[in-house]
Amino acid sequence: MKISTWNVNSVNARLEVILNWFREERPDVCSLQELKCIDEKFPYEAFESLGYNIAVHGQKTYNGVAILSKYPLSDITKGLKGEDEDEQARYLEAVVDAPHPFRVTSIYLPNGNPIGTEKYSYKLRWIERLMARATQLLALEERTILSGDYNIIPEPVDCYNPAMWVDDALFQTEVRAAFRRFKNLGYSDAFDLMPPADNRYTFWDYQAGAWQKNEGIRIDHHLMSPQAADKLSAFTIHKATRGFATENAKASDHVPVSVEFNL
DNA sequence: ATGTCTCCACGTTGGAGA
(Lines give C-alpha, C1' and ligand atoms only; values in the text may rest on other atoms or scores of the structure.)
Protein backbone atom coordinates (compact mmCIF):
# COMPACT_ATOMS: atom_id res chain seq x y z
CA MET A 1 0.00 0.00 0.00
CA LYS A 2 1.51 3.24 -1.18
CA ILE A 3 0.10 6.51 0.18
CA SER A 4 1.28 9.93 -1.03
CA THR A 5 0.63 13.57 -0.20
CA TRP A 6 1.20 16.54 -2.50
CA ASN A 7 0.45 20.25 -2.29
CA VAL A 8 -0.06 20.88 -6.00
CA ASN A 9 -0.68 24.67 -5.94
CA SER A 10 -3.70 24.56 -8.31
CA VAL A 11 -4.82 21.16 -9.58
CA ASN A 12 -5.93 22.61 -12.93
CA ALA A 13 -2.87 24.74 -13.68
CA ARG A 14 -0.71 21.75 -12.71
CA LEU A 15 -2.75 18.93 -14.24
CA GLU A 16 -0.25 17.72 -16.85
CA VAL A 17 2.68 17.38 -14.42
CA ILE A 18 0.42 15.79 -11.81
CA LEU A 19 -0.84 13.16 -14.27
CA ASN A 20 2.71 12.42 -15.45
CA TRP A 21 3.75 11.77 -11.87
CA PHE A 22 0.70 9.56 -11.22
CA ARG A 23 1.44 7.48 -14.31
CA GLU A 24 5.03 7.03 -13.09
CA GLU A 25 4.45 6.37 -9.39
CA ARG A 26 0.95 4.88 -9.34
CA PRO A 27 0.16 5.59 -5.67
CA ASP A 28 -2.72 3.55 -4.24
CA VAL A 29 -3.85 6.65 -2.37
CA CYS A 30 -2.86 10.30 -2.77
CA SER A 31 -3.89 13.36 -0.76
CA LEU A 32 -3.82 16.66 -2.65
CA GLN A 33 -3.76 20.17 -1.18
CA GLU A 34 -4.25 23.67 -2.58
CA LEU A 35 -6.62 22.62 -5.36
CA LYS A 36 -7.61 26.28 -5.79
CA CYS A 37 -10.95 25.35 -7.33
CA ILE A 38 -14.54 24.59 -6.41
CA ASP A 39 -15.74 20.96 -6.48
CA GLU A 40 -17.32 21.40 -9.90
CA LYS A 41 -14.01 22.46 -11.46
CA PHE A 42 -12.03 19.46 -10.20
CA PRO A 43 -10.67 17.40 -13.15
CA TYR A 44 -12.51 14.20 -12.18
CA GLU A 45 -12.32 12.46 -15.55
CA ALA A 46 -8.53 12.72 -15.81
CA PHE A 47 -8.04 10.86 -12.53
CA GLU A 48 -10.95 8.45 -13.04
CA SER A 49 -9.35 7.34 -16.29
CA LEU A 50 -6.26 6.39 -14.25
CA GLY A 51 -8.49 4.24 -12.03
CA TYR A 52 -9.00 6.50 -9.03
CA ASN A 53 -12.00 7.05 -6.79
CA ILE A 54 -12.19 10.68 -5.71
CA ALA A 55 -13.28 12.72 -2.69
CA VAL A 56 -13.07 16.50 -3.04
CA HIS A 57 -13.52 19.36 -0.57
CA GLY A 58 -13.00 22.40 -2.77
CA GLN A 59 -13.25 26.17 -2.46
CA LYS A 60 -13.11 29.11 -4.84
CA THR A 61 -9.62 30.57 -5.43
CA TYR A 62 -7.92 29.32 -2.27
CA ASN A 63 -7.25 26.12 -0.30
CA GLY A 64 -9.13 22.97 -1.33
CA VAL A 65 -8.18 19.35 -0.54
CA ALA A 66 -8.81 15.98 -2.19
CA ILE A 67 -8.21 12.27 -1.65
CA LEU A 68 -7.67 9.94 -4.62
CA SER A 69 -7.80 6.19 -4.09
CA LYS A 70 -7.65 3.05 -6.20
CA TYR A 71 -9.90 1.44 -3.59
CA PRO A 72 -13.41 2.67 -2.75
CA LEU A 73 -13.67 5.53 -0.25
CA SER A 74 -16.20 5.55 2.57
CA ASP A 75 -16.96 7.52 5.75
CA ILE A 76 -15.94 10.77 4.01
CA THR A 77 -15.76 13.82 6.33
CA LYS A 78 -15.24 17.38 5.13
CA GLY A 79 -13.80 19.91 7.57
CA LEU A 80 -12.94 19.79 11.28
CA LYS A 81 -15.41 20.31 14.11
CA GLY A 82 -15.58 23.77 15.69
CA GLU A 83 -14.88 27.31 14.48
CA ASP A 84 -18.48 27.72 13.31
CA GLU A 85 -18.86 29.12 9.81
CA ASP A 86 -15.28 28.15 8.97
CA GLU A 87 -15.42 28.24 5.19
CA GLN A 88 -11.80 27.38 4.54
CA ALA A 89 -11.53 23.95 2.85
CA ARG A 90 -8.50 22.51 4.64
CA TYR A 91 -9.43 19.06 5.96
CA LEU A 92 -10.73 15.89 4.36
CA GLU A 93 -10.89 12.43 5.89
CA ALA A 94 -11.94 9.08 4.46
CA VAL A 95 -11.61 5.35 4.93
CA VAL A 96 -9.85 3.45 2.15
CA ASP A 97 -11.79 0.20 1.74
CA ALA A 98 -8.81 -2.02 0.88
CA PRO A 99 -8.36 -5.62 2.12
CA HIS A 100 -6.40 -3.99 4.97
CA PRO A 101 -8.27 -0.70 5.37
CA PHE A 102 -6.66 2.64 6.17
CA ARG A 103 -8.16 5.86 7.48
CA VAL A 104 -6.51 8.69 5.55
CA THR A 105 -6.64 12.49 5.53
CA SER A 106 -5.72 15.45 3.38
CA ILE A 107 -4.58 18.30 5.63
CA TYR A 108 -3.82 21.86 4.54
CA LEU A 109 -2.86 23.52 7.80
CA PRO A 110 -3.02 27.35 7.71
CA ASN A 111 0.21 29.15 6.84
CA GLY A 112 -0.30 31.72 9.61
CA ASN A 113 1.92 34.53 8.33
CA PRO A 114 2.47 37.17 9.44
CA ILE A 115 2.78 36.33 13.16
CA GLY A 116 0.84 38.49 15.58
CA THR A 117 -2.18 38.71 13.28
CA GLU A 118 -5.57 37.00 13.08
CA LYS A 119 -4.05 34.66 10.49
CA TYR A 120 -1.57 33.41 13.07
CA SER A 121 -4.15 32.94 15.85
CA TYR A 122 -6.37 31.10 13.32
CA LYS A 123 -3.45 28.75 12.65
CA LEU A 124 -3.07 28.03 16.38
CA ARG A 125 -6.81 27.43 16.81
CA TRP A 126 -6.86 25.20 13.73
CA ILE A 127 -4.02 23.10 15.17
CA GLU A 128 -6.07 22.58 18.35
CA ARG A 129 -9.08 21.45 16.30
CA LEU A 130 -6.85 18.99 14.42
CA MET A 131 -5.40 17.82 17.74
CA ALA A 132 -8.92 17.09 19.02
CA ARG A 133 -9.71 14.98 15.94
CA ALA A 134 -6.33 13.23 16.07
CA THR A 135 -7.03 12.29 19.70
CA GLN A 136 -10.41 10.80 18.76
CA LEU A 137 -8.88 8.83 15.89
CA LEU A 138 -6.12 7.38 18.03
CA ALA A 139 -8.74 5.83 20.33
CA LEU A 140 -10.16 3.88 17.36
CA GLU A 141 -6.89 1.88 17.18
CA GLU A 142 -7.08 1.78 13.39
CA ARG A 143 -4.41 2.12 10.72
CA THR A 144 -4.66 5.91 10.46
CA ILE A 145 -2.40 8.31 8.58
CA LEU A 146 -2.60 12.10 8.94
CA SER A 147 -1.04 13.30 5.68
CA GLY A 148 -0.66 16.78 4.32
CA ASP A 149 0.92 20.21 4.23
CA TYR A 150 1.30 21.11 7.91
CA ASN A 151 3.07 24.43 7.29
CA ILE A 152 5.29 23.48 10.25
CA ILE A 153 9.09 23.20 10.15
CA PRO A 154 9.64 20.66 12.96
CA GLU A 155 13.33 21.22 13.71
CA PRO A 156 16.10 23.70 12.84
CA VAL A 157 17.69 21.08 10.59
CA ASP A 158 14.48 21.05 8.54
CA CYS A 159 15.24 24.45 6.98
CA TYR A 160 18.28 25.69 5.11
CA ASN A 161 18.98 28.63 7.42
CA PRO A 162 17.11 28.59 10.75
CA ALA A 163 18.07 32.20 11.52
CA MET A 164 16.03 33.35 8.52
CA TRP A 165 12.88 31.63 9.82
CA VAL A 166 12.76 32.84 13.44
CA ASP A 167 10.03 35.41 12.69
CA ASP A 168 8.05 33.11 10.37
CA ALA A 169 4.79 31.42 11.40
CA LEU A 170 6.10 28.06 10.12
CA PHE A 171 8.93 28.02 12.69
CA GLN A 172 7.46 29.49 15.88
CA THR A 173 8.29 27.71 19.14
CA GLU A 174 4.62 27.08 19.98
CA VAL A 175 3.90 25.73 16.50
CA ARG A 176 6.88 23.39 16.64
CA ALA A 177 5.77 22.31 20.14
CA ALA A 178 2.33 21.53 18.73
CA PHE A 179 3.89 19.24 16.11
CA ARG A 180 5.73 17.46 18.93
CA ARG A 181 2.43 17.05 20.77
CA PHE A 182 1.05 14.98 17.90
CA LYS A 183 4.06 12.74 18.28
CA ASN A 184 3.79 12.63 22.09
CA LEU A 185 0.15 11.70 21.67
CA GLY A 186 1.25 8.54 19.86
CA TYR A 187 1.61 9.44 16.18
CA SER A 188 4.90 8.65 14.45
CA ASP A 189 6.40 10.89 11.79
CA ALA A 190 7.28 8.58 8.88
CA PHE A 191 10.32 10.75 8.23
CA ASP A 192 11.70 9.99 11.71
CA LEU A 193 11.40 6.23 11.19
CA MET A 194 13.02 6.23 7.74
CA PRO A 195 14.97 9.45 7.15
CA PRO A 196 16.27 9.70 3.57
CA ALA A 197 20.03 9.98 3.26
CA ASP A 198 20.11 12.60 0.51
CA ASN A 199 17.31 15.14 1.01
CA ARG A 200 14.87 16.16 3.73
CA TYR A 201 13.17 19.17 2.15
CA THR A 202 9.66 19.01 0.66
CA PHE A 203 9.21 22.67 -0.40
CA TRP A 204 11.35 25.18 -2.27
CA ASP A 205 10.07 28.75 -2.72
CA TYR A 206 9.54 30.03 -6.24
CA GLN A 207 11.41 33.21 -5.32
CA ALA A 208 15.08 34.08 -5.06
CA GLY A 209 16.31 30.93 -6.81
CA ALA A 210 15.51 28.81 -3.75
CA TRP A 211 15.31 25.58 -5.80
CA GLN A 212 18.53 26.25 -7.71
CA LYS A 213 20.34 26.94 -4.42
CA ASN A 214 18.61 24.00 -2.66
CA GLU A 215 17.23 26.34 -0.02
CA GLY A 216 14.21 24.28 1.03
CA ILE A 217 12.16 23.40 4.08
CA ARG A 218 10.39 20.24 5.36
CA ILE A 219 6.69 21.00 5.92
CA ASP A 220 4.78 18.10 4.27
CA HIS A 221 4.32 15.24 6.71
CA HIS A 222 2.79 11.79 7.27
CA LEU A 223 1.84 11.19 10.91
CA MET A 224 0.90 7.54 11.53
CA SER A 225 -1.07 5.80 14.25
CA PRO A 226 0.82 2.93 15.95
CA GLN A 227 -1.21 0.39 13.94
CA ALA A 228 0.00 2.01 10.70
CA ALA A 229 3.55 2.72 11.85
CA ASP A 230 4.01 -0.99 12.67
CA LYS A 231 3.69 -1.75 8.95
CA LEU A 232 5.80 1.07 7.44
CA SER A 233 8.20 -0.29 4.83
CA ALA A 234 9.36 2.75 2.82
CA PHE A 235 9.46 6.55 2.89
CA THR A 236 10.18 8.67 -0.20
CA ILE A 237 10.46 12.40 -0.90
CA HIS A 238 10.07 12.82 -4.67
CA LYS A 239 12.58 15.67 -4.91
CA ALA A 240 13.06 15.53 -8.69
CA THR A 241 9.41 16.52 -9.16
CA ARG A 242 10.32 20.09 -8.14
CA GLY A 243 12.29 20.42 -11.39
CA PHE A 244 9.71 18.88 -13.75
CA ALA A 245 7.70 21.06 -16.11
CA THR A 246 5.86 20.44 -19.37
CA GLU A 247 4.76 22.64 -22.22
CA ASN A 248 1.49 23.32 -20.42
CA ALA A 249 2.34 23.11 -16.74
CA LYS A 250 5.06 24.30 -14.38
CA ALA A 251 6.21 22.55 -11.20
CA SER A 252 4.51 22.99 -7.84
CA ASP A 253 6.64 24.54 -5.09
CA HIS A 254 5.98 21.37 -3.04
CA VAL A 255 6.99 17.81 -4.02
CA PRO A 256 5.07 14.58 -3.35
CA VAL A 257 5.97 12.59 -0.24
CA SER A 258 5.14 8.87 -0.12
CA VAL A 259 4.96 6.11 2.44
CA GLU A 260 4.59 2.39 1.76
CA PHE A 261 3.21 -0.31 4.00
CA ASN A 262 3.72 -4.11 4.01
CA LEU A 263 0.41 -5.54 5.19
C1' DA B 1 16.63 41.33 -5.24
C1' DT B 2 9.28 43.71 -3.33
C1' DG B 3 13.18 37.94 -6.68
C1' DT B 4 7.59 33.83 -8.43
C1' DC B 5 3.33 31.80 -9.29
C1' DT B 6 -1.83 31.46 -9.32
C1' DC B 7 -6.45 33.18 -9.20
C1' DC B 8 -9.81 36.67 -9.67
C1' DA B 9 -12.16 41.05 -10.84
C1' DC B 10 -18.53 43.88 -14.63
C1' DG B 11 -10.47 42.35 -16.53
C1' DT B 12 -6.89 43.89 -20.48
C1' DT B 13 -3.32 45.32 -14.71
C1' DG B 14 -3.05 44.88 -9.94
C1' DG B 15 -4.12 42.89 -5.35
C1' DA B 16 -4.13 38.87 -2.35
C1' DG B 17 -2.13 34.77 -0.67
C1' DA B 18 1.54 31.72 -0.31
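**Reading a DNA surface and a core**

Mentor: Around DNA strand B, the nearby surface splits into 5 nonpolar, 4 polar and 6 charged residues. This is a predicted model, where local features need pLDDT of at least 70, side-chain atom pairs count only at pLDDT 80 or more, and totals for chains, interfaces and linings use all residues. Residues are numbered from 1 along each chain as its sequence is written, chains are lettered from A and ligands numbered from 1 in the order written, and side-chain values use heavy atoms, with hydrogens and water left out.

Trainee: Which residues come nearest to DNA strand B?

Mentor: A residue is near a strand if one of its heavy atoms lies within 4 Å of it. Here Ser10, Arg14, Lys60, Thr61 and Tyr206 come nearest, out of 15.

Trainee: How far is the side chain of serine 10 from a phosphate oxygen of DNA strand B?

Mentor: Think polar contacts: pairs of N or O atoms within 3.5 Å. An N or O atom in the serine 10 side chain sits 2.4 Å from a phosphate oxygen of DNA strand B; for a polar side-chain atom of lysine 60, it's 2.8 Å.

Trainee: And which residues touch the most other members of the largest nonpolar core?

Mentor: A nonpolar core joins buried (under 20% relative accessible area, 1.4 Å probe, protein chains only) Ala, Val, Leu, Ile, Met, Phe, Trp, Tyr and Cys residues through side-chain atoms within 4.5 Å. In this 29-residue core, they're Ile3, Phe102 and Phe261. Apart from it lies another core of 23 residues, including Trp126 and Phe179.

Definitions and conventions
Polar contact = N/O pair within 3.5 Å; in protein donor to acceptor, adjacent residues only side chain to side chain. Nonpolar A, V, L, I, M, F, W, Y, C, P; charged D, E, K, R; others polar. Buried < 20%, exposed > 50% of the residue type's maximum accessible area, 1.4 Å probe, protein only.
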